[in-house]
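Hi,

Here is the structure I promised to pass on. Could you have a look at it alongside my notes below?

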Amino acid sequence: MGKLVARELGWTFVDTDDVIVSRHGPIEAIFAEHGEEAFRALEREVAVEAAAGQHQVVATGGRMLLDPANAEAMSATGRVFCLDADVDEIVRRLESDVDGPVRPLLAGSNPAAAVARLLNERADGYGRFEQVHTAGRSPQVIAADIISRLHHSPASRGDRSRPS
């Protein structure tokens, strides 16, 4: 989604997970070798760096903006959008993303239960950001929605967007 929005705006696309992987190796290896806290520290570094950029769309991992320091850094310099979908839609997307990243927090025999648990735990944190409903909508419609919000909202800062 972020790539599409960035392309439409003529901005740079930054995926925070990709930045971490390019610098430190696979996320699952970071979790296995150093633990979740080490990964979260890397996220904080990348959040500060991304927040300093201009004319970019930043895609984050699902937990990154639940860290108050990350949320503050990103919100202070741009708009933050939370892409919303229900459990069934998220599981469907995960199952169709055979070449996508390994998600250590969703490992196990029941990914739907893991997704439901994470959405429940994160509801308040996600609720702080502008919601963009994605289920049943094409990527082009979702991107147009985000771009419209950027251009027509009186609160628009106009220089960054951060779909997470």
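What follows is a short tour of the chain, from the overall picture to a few individual residues.

Please keep in mind that this is a predicted model, in which local features need a pLDDT of at least 70 and side-chain atom pairs count only at pLDDT 80 or more, while totals for chains, interfaces and linings use all residues. Residues are numbered from 1 along each chain as its sequence is written, and side-chain values use heavy atoms, with hydrogens and water left out.

First, the confidence. The chain has an average pLDDT of 87, and 85% of its residues score at least 70; pLDDT is the predictor's confidence in each residue, from 0 to 100. Strand β1 (residues 12-15) has the highest confidence, at 97, and strand β5 (residues 160-163) the lowest, with a mean of 48. Over residues 156-162 the pLDDT stays under 50, although the model has 42 contacts beyond four places in sequence for them. Where pLDDT is low, the predicted coordinates should not be read in detail.

Next, the layout. The chain holds eight helices and five strands (DSSP runs numbered from the N terminus: H or I of at least four residues for helices, E of at least two for strands). From the N terminus on, the order is α-β-α-α-α-β-α-β-α-α-β-α-β. Of the 164 residues, 40% count as buried, meaning under 20% relative accessible area with a 1.4 Å probe, protein chains only. Among contacts (heavy atoms within 4.5 Å) with a separation of 6 or more, 70% come from residues 24 or more positions apart.

Now a helix pair. The axes of α6 (residues 87-96) and α7 (residues 111-127) come within 9 Å and cross at roughly 125°; axes are lines fitted to C-alpha atoms, for helices over the stretch in contact, and angles run from 0 to 180 degrees between N-to-C directions. V87, I90, V91 and L94 of α6 meet P111, A112, V115, A116 and L119 of α7. By class, this contact has nine nonpolar residues, no polar and no charged ones (Ala, Val, Leu, Ile, Met, Phe, Trp, Tyr, Cys and Pro count as nonpolar, Asp, Glu, Lys and Arg as charged, and the others, Gly among them, as polar).

Finally, two residues. A114 sits in helix α7 and is buried, at 9% relative accessibility. T16, in helix α2 (residues 16-24), is buried too, with a relative accessible area of 0%. Beyond its neighbours within four places in sequence, T16 contacts V46, V58, A59, T60, G61 and M64.

Best wishes

Key
Buried means under 20% relative accessible area, exposed over 50%, partly exposed in between (1.4 Å probe, protein chains only).
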